[in-house]
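Student: I have a chain to go through with you. Can we test each label against its cut-off?

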Amino acid sequence: MRIQENIQIVKDFFAAMGSGDKQGLLALVAKDIEWIIPGEDWPLAGSHRGHAGLADVLEKASEMLEISYPEPPEFVAQGDRVLVVGFARGRIKATNRKFEDDWVFAITVRNGKLTNIREYIDTQALARASEMDASPRP
């Protein structure tokens, strides 16, 4: 039964992110949450810790990009882990370049709170779309 509860908590987290419900979001995550975003040459990359780190990365993301999810993600769970598999389309605001991203979030849920999020994203597509150099790539 806990697996279904964990999936619902993660679904609620994504819904709160999508609607901009900051209080709802913070209520679903542990105070010491860690959100790891891989990559280099990508301003959101790094390890973001705690409620302040979470708020900061979400604010940066909303300033930097527009993103849409054409299809609902898939949720796969085992024990305390929930994998969220999805696809996104977006645009980097500063460069006006579009990107497509197949992604997976590996999320740990303990005691009803998200404690760890590790993204697996197409960092190359996002870094390329973020480049300020307007010369076309072959």
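**Surface, fold and core**

Tutor: The accessible surface of the chain comes to about 8,100 Å², by the Shrake-Rupley method with a 1.4 Å probe, where for residues only the protein chains shown count as cover. Carbon and sulfur atoms hold 50% of that surface. This is a predicted model: local features need pLDDT of at least 70, side-chain atom pairs count only at pLDDT 80 or more, and totals for chains, interfaces and linings use all residues. Residues are numbered from 1 along each chain as its sequence is written, and side-chain values use heavy atoms, without hydrogens and water.

Student: Why does Leu83 count as partly exposed?

Tutor: Its relative accessibility is 33%. Buried means under 20%, exposed over 50%, and partly exposed lies in between (1.4 Å probe, protein chains only). So Leu83 counts as partly exposed.

Student: Which residues have the most contacts inside the largest nonpolar core?

Tutor: Phe13, Trp42, Ile107 and Leu114. The core has 33 residues. Such a core is a set of buried Ala, Val, Leu, Ile, Met, Phe, Trp, Tyr and Cys residues joined through side-chain atoms within 4.5 Å.

Student: What does Trp42 touch, leaving aside neighbours within four places in sequence?

Tutor: Its contacts (heavy atoms within 4.5 Å) include Ile37, Met64 and Ile92.
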